[in-house]
Amino acid sequence: MQEAETTLAATGKRSLDQAAADTLRQAILTGAIAPGSRLTETRLAEQMTLSRGPIRAALHKLVTEGLVIQQPYVGWRVISLSVQDAWEISTLRANFEGLAARLAAERIDDHGRERLQGAYDRLVAAASQADHAALIDADLALHKLVVDLAGHSRLAQHYAPVTHQIRLYIAATTGMHHMAFDSVCEAHWNIVESILQGMATEAGALASAHCYNSGRKLRNLLERGE
C-alpha cells in the first residue's frame, strides 16, 4: 500500500488539531495525497512539525468526514472510491439534490437567480480554461448553492457532512476518460435553467437523473477497473 509522501505544513492561528485537519483535507481533496495512501502518525507529525496528538485528532476528524478510514492492525488510509461508494453517494445525492432543486425552483427570487447564474458562469469559465481543479470546485459550489437556495435547514445540515466525499466523487466523474469540459456544463445547464424558470418538478427530476446517470457511469468504470 502506498504511503503518503507529500510534505505538509500546518500554519496560522487555528488550533493545531484544526490546522492539521485542514492541511490534510486539502491534500486529499486536491490529490496531493493519492486515494488509498497509507497515513502514519509519526511521519505526518514529522512533516508538519507537530506532536502525534494533534495529528491523531485530525485523522479522527477526517474519519468522520469520510475521507480517511482506520483499519485494525494497519492504521490510517485515505479512502478509495469503490463501486459501493459510488452507488451510495450517487443515490444519496439524487435524493438530496433532487429535493433541493425542486424547492429552489419553487422559492427562487431575483437575488437567487443572480447567484445561480453567477455560479453557472463560473463553471463555464473554468471549463473554457480547461482548468480541471477549478472545474471541480465550481461544480461542487453550484450543487451546494442549489441546496442553499432550497431554504431547507435540515436538508442543508444533512448534506454538509458528505460534501467532501461528494467532491471526491465529482473529481472522479469529471475525470472519466478526460470528459469533455463542455459536456460538464451541458449536464448542468438544464437543471440551472429549470430552477431559473421556476419549473420545480422538472428541476427536481433533472437533478436526480444527473446524479443517477453520473453514478452509473462511474460504477461501470470502477467495475472494469479503469
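This is a short tour of a predicted model, stop by stop, with something to select at each one.

Before you click, note that residues are numbered from 1 along each chain as its sequence is written. Because the model is predicted, local features need pLDDT of at least 70 and side-chain atom pairs count only at pLDDT 80 or more, while totals for chains, interfaces and linings use all residues; side-chain values use heavy atoms, with hydrogens and water left out.

**Stop 1: helix 1 and helix 8**

Select residues 16–29, which are helix 1, and residues 163–174, which are helix 8. Helices here are DSSP runs (H or I, at least four residues) and strands are too (E, at least two), numbered from the N terminus. The two helices pack at an angle of about 25°, and their axes are 10 Å apart. Those axes are lines fitted to C-alpha atoms, for helices over the stretch in contact, and angles run from 0 to 180 degrees between N-to-C directions. Helix 1 and helix 8 are therefore roughly parallel (angles under 35 degrees; over 145 is roughly antiparallel, 65 to 115 roughly perpendicular and the rest oblique).

Now show side chains. Arg25, Ile28 and Leu29 of helix 1 meet His164, Arg167 and Leu168 of helix 8, where contact means heavy atoms within 4.5 Å. By type, the residues of this contact are 3 nonpolar, 1 polar and 2 charged. Here Ala, Val, Leu, Ile, Met, Phe, Trp, Tyr, Cys and Pro count as nonpolar, Asp, Glu, Lys and Arg as charged, and the others, Gly among them, as polar.

**Stop 2: the cores**

Next, pick Leu116, Leu123, Leu142, Val146, Ile166 and Ile195: these have the most contacts inside the largest nonpolar core, which has 41 residues. A nonpolar core is a set of buried Ala, Val, Leu, Ile, Met, Phe, Trp, Tyr and Cys residues joined through side-chain atoms within 4.5 Å. Buried means under 20% relative accessible area, exposed over 50% and partly exposed in between (1.4 Å probe, protein chains only). Which elements give two or more residues to this core? Colour helix 4 (83–107), helix 5 (110–128), helix 6 (132–149), helix 7 (153–159), helix 8, helix 9 (181–196) and helix 10 (200–223) to see them. Helix 6 gives the most, with 9 residues.

Zoom in on Ile166: leaving out residues up to four places away in sequence, Ile166 touches Ile89, Arg93, Glu97, Leu140 and Tyr159. There is also a second, separate core of 22 residues, including Ala21, Ile28, Ala58 and Val68.

**Stop 3: Ile136**

Stay with helix 6 and select Ile136. At a relative accessible area of 6%, Ile136 is buried. Beyond its neighbours within four places in sequence, Ile136 is in contact with Arg167, Ile170, Ala171 and Thr174. Draw a C-alpha distance from Ile136 to Arg167: they are 31 residues apart along the chain and separated by 7.2 Å.

**Stop 4**

On helix 5, highlight the buried residues Gly112, Leu116, Gly118, Ala119, Tyr120, Leu123, Ala126 and Ala127. What covers them includes helix 6 and helix 9.

Step on to Ala130, in the loop between helix 5 and helix 6. The phi of Ala130 is near 55°, a positive value in a residue other than glycine. Ala130 is partly exposed, with a relative accessible area of 49%.

**Stop 5: strand 3 and its loops**

Tyr73 sits in the loop between strand 2 (68–71) and strand 3. Tyr73 also has a positive phi, about 70°, although it is not a glycine. Is Tyr73 buried or exposed? At 89% relative accessibility, Tyr73 counts as exposed.

Then move to Ile79, in the loop between strand 3 (75–78) and helix 4. Ile79 counts as buried, at 14% relative accessibility. Apart from neighbours within four places in sequence, Ile79 is in contact with Pro35, Gly36, Gly66, Leu67, Val68, Ile69 and Leu168.

**Last stop: helix 10**

Finish on helix 10, where the buried residues include Ala200, Ala203, Gly204, Ala207, His210, Cys211 and Leu218. The buried residues of helix 10 pack against helix 4, helix 6, helix 8 and helix 9. Helix 10 is followed by Gly225, whose phi is positive, near 75°.
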